[in-house]
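Hello,

Here is the structure for you to look through. My notes on it follow below.

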Amino acid sequence: RLRALQRRPTPAVRKVIEVGPVQIDTVQKSVHISGKLVRLSKKEYALLEYLAYHPDQISSKDQLIEHVWDFDADILPNTVEVFIRSLRKKIDGQASDSIIETVRGFGYRLRTKNV
């Protein structure tokens, strides 16, 4: 049984995810914007990585809490808003148009088009 499992191909995991000028290195857990390193907290990175693995898909606050925070953590939806705001500041800087889009009443998505 083990040999059969070993023969199966390993799923292809992208090592670097690119969204416009943003490059996410999933191996080193780092983020670069136009070649410049951006320092993110562990939760900010996990949130960005989750959105990057689901580009152009709307993720509700509950989905983000479920996938980014620990199972036993007692997180309020407002916490997600705070982390999204912080992430936008670090990624977008002074730009008025963010790659993280708020979809009112539904959640957030990482825009890959028109970036």
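Helices here are DSSP runs of H or I with at least four residues, strands are runs of E with at least two, and both are numbered from the N terminus.

This is a predicted model, where local features need pLDDT of at least 70, side-chain atom pairs count only at pLDDT 80 or more, and totals for chains, interfaces and linings use all residues. Residues are numbered from 1 along each chain as its sequence is written, and side-chain values use heavy atoms, with hydrogens and water left out.

Which residues of helix 4 are buried? They are Val80, Ile84, Leu87, Ile91 and Asp92. Buried means under 20% relative accessible area (1.4 Å probe, protein chains only). Seen down the helix axis, these residues fall within an arc of 100°, so they line one face of helix 4. The arc is taken from the directions between the helix axis and the C-beta atoms. Their cover includes strand 2, strand 3, helix 2, helix 3 (61-68), strand 5 (100-103) and strand 6 (107-110). Gly93 follows helix 4, with a positive phi near 60°.

Best wishes

Key: Buried < 20%, exposed > 50% of the residue type's maximum accessible area, 1.4 Å probe, protein only. Contact = heavy atoms within 4.5 Å.
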